[in-house]
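Here is a short report on one structure. The surface comes before the interface.

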Amino acid sequence: MTGSLATRVLGAVALAAVAVMAILALWISPADEVQGDAVRLMYVHVPSIWVAYGSFVLTAFASARVLWRTRSGAGGSQGVIADRQARHWDRVAGAAAELGVIFTALTLMTGSLWGKVTWGAYWQWDARLTTSVLLFVTYLGYLALRRLPAESRSRARRSAVMALIAVVNLPIVHFSVDWWRTLHQEASLELGPGGARNYTGEMYWTLLYSWATFTMVALWIGIHRYRVLRLEELAEEAALEELLAARRAEYENAGPRSTEQESNERAEQVTSR
Amino acid sequence: MLREIWIVCRKDLTIEWRARVTLVQIVPTVLLVLVVFAFAFDANPTLLGAGAGGLFWVAVLFGAVLGSKRSFDIEAEGGNLDALRLGGLAPAAILWGKATALALQSMVVGVFAAAGLLVLFSVTVEDWLLIVAAGLCGTAAFAVCGALYGAMTVGLRSADTLLPLLLIPVAAPVLLAGTRAFDVALGTSADQGWSWTALLAVVLVTYIAVGWLAAGPLLEDA
């Protein structure tokens with residue numbers, strides 16, 4: 001129901017890319033001299049957090065657009081267009097945040113498994129791990145805020161503010177390995193010319209390929225999630241229209257009732273309880 | 001603007017003075033947290049002394065969550081927030097007035113919590129200036145953050161349970177930096193206490209900047 005030719009092609013390509021990634025990560029890429037086969041978890045762990053970062057940045061960008069489109073002053077047809085665009089960006093923010101939470105959870109899970117093999121414990125109170133959990137909980141709170149029943153414009157604006165506050169956590173998580181003494185290794189890859197690499201050769205290319213694959217999978221899920229959110233909104237609007245039509249029909253069939261009739265009916269209801 | 005902020009702050013402090021919720025309910029709860037932690041650590045004086053800085057901030061954070069909730073509950077009842085806005089007060093003035101009142105109340109809570117630590121955990125303070133500076137920055141940061149999230153959840157059906165979930169992770173940097181600064185001031189760590197206090201000040205300024213931008217969108221819809 002949410003599929004189109006483009007998303008079906010994207011889905012098929014993403015699925016094939018995952019299969020190739022599994023071959024690269026499990027067989028082609030060599031075991032690490034220090035970490036052994038545990039390094040293969042990195043091909044899921046590192047791309048997951050990159051996709052999560054990207055999703056949270058997209059959430060913040062979309063939230064800024066929501067606040068911009070819903071600022072006071074727009075009225076008439078311009079107001080309707082602005083409202084439609086705000087709802088679009090709100091759905092983008094919601095879908096992206098859900099993806100971010102899923103991929104952060106995946107990062108934490110694979111990190112725990114890697115920790116058990118390498119450090120001998122699933123969890124260490126390390127700055128990177130702790131800030132990642134805080135990031136995860138912050139966005140769980142964001143999703144909880146989005147799910148509360150409220151008028152859509154108000155909910156979108158509140159969530160947008162929350163998303164803009166939450167995104168401040170991203171640099172704290174990312175640079176925590178540089179700012180504090182941690183058990184967690186430094187960033188796997190640094191952007192820009194001359195950026196440090198913890199991985200080289202087949203490992204490096206497998207990591208980049210995994211990132212591209214995860215991005216494709218995230219895009220595919222995100223588009224579907226966006227469409228589901230749109231369908232939910234349409235279903236809510238349709239249900240509301242249906243209720244209003246039923247009430248109108250009821251009123252037209254019964255004809256206008258006097259205040260006396262209504263108070264008598266109410267009195268009967270009270271006595272029958 | 002400053003006059004409007006003062007009007008809202010004075011109103012909140014007057015309500016607090018009459019109801020005495022901070023003194024009668026929040027302060028005892030915070031002291032109870034300290035006592036409960038002592039039970040949890042089997043009343044081990046060495047362990048409690050080493051963790052005293054962290055316990056202070058955890059207790060004050062719980063107090064700030066309760067205070068934020070209370071501060072916006074009184075506005076949700078009977079449409080008081082609408083009345084304030086119809087009275088011509090700017091959303092930013094409402095937010096900063098409430099944040100200022102919350103900061104003053106949190107500082108009172110902090111003083112009682114610190115006294116509780118000194119008496120119950122027998123800690124000694126080696127640097128009073130550091131304690132005061134870190135305490136002021138940290139409690140003010142909790143208050144600004146609490147006001148922001150209080151405004152975000154005001155009038156929502158699940159605000160009681162949602163507010164701690166939203167507030168505690170965001171307040172974590174204050175908890176971390178405040179604990180490190182207090183550890184140095186209490187002599188349980190040889191870290192850079194003033195660097196952590198500077199970080200607290202940076203976090204406070206960041207929260208203020210975010211609050212300044214968010215006041216309008218939050219309180220226009222509240």
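In this predicted model, α2(B) gives the largest share of a nonpolar surface patch, with four residues. The patch covers about 830 Å². Its members are L32(B), V35(B), V36(B), F39(B), L118(B), V119(B), L120(B) and W128(B). Two elements of chain B give two or more residues each: α2 (21-40) and α6 (91-120). V119(B) sits in helix α6 of chain B.

Now the interface. The size of an interface is often given as the accessible area lost when the parts come together. Chain B and chain A bury about 2,000 Å² between them. Carbon and sulfur atoms account for 72% of that area. The contact draws 24 residues from chain B and 20 residues from chain A.

Which polar links cross the interface? The rule finds two residue pairs in polar contact between chain B and chain A, both at pLDDT 80 or more. The salt bridge count between the two chains is zero.

On the side of chain B that touches chain A, three helices each supply at least two residues: α7 (128-153), α8 (159-185) and α9 (193-221). Of these, α9(B) gives the most, with eight residues. The classes on that side of chain B are tabulated here.

| Class, side of chain B that touches chain A | Count |
|---|---|
| Nonpolar | 19 residues |
| Polar | two residues |

Definitions and conventions:
Residues numbered from 1 in each chain as written. Chains lettered and ligands numbered in written order. Predicted model: local features only at pLDDT ≥ 70, side-chain atom pairs only at ≥ 80, totals over all residues. Heavy atoms only, no water. Contact = heavy atoms within 4.5 Å. Buried area = accessible area lost by both parts, 1.4 Å probe. Salt bridge = Lys/Arg side-chain N within 4 Å of Asp/Glu carboxyl O. Polar contact = N/O pair within 3.5 Å; in protein donor to acceptor, adjacent residues only side chain to side chain. Nonpolar A, V, L, I, M, F, W, Y, C, P; charged D, E, K, R; others polar. Patch = residues over 30% accessible without salt bridge, like charges linked within 9 Å, V, L, I, M, F, W, Y side chains within 5 Å. Areas by Shrake-Rupley, 256 points an atom, 1.4 Å probe, with all protein chains shown as cover.
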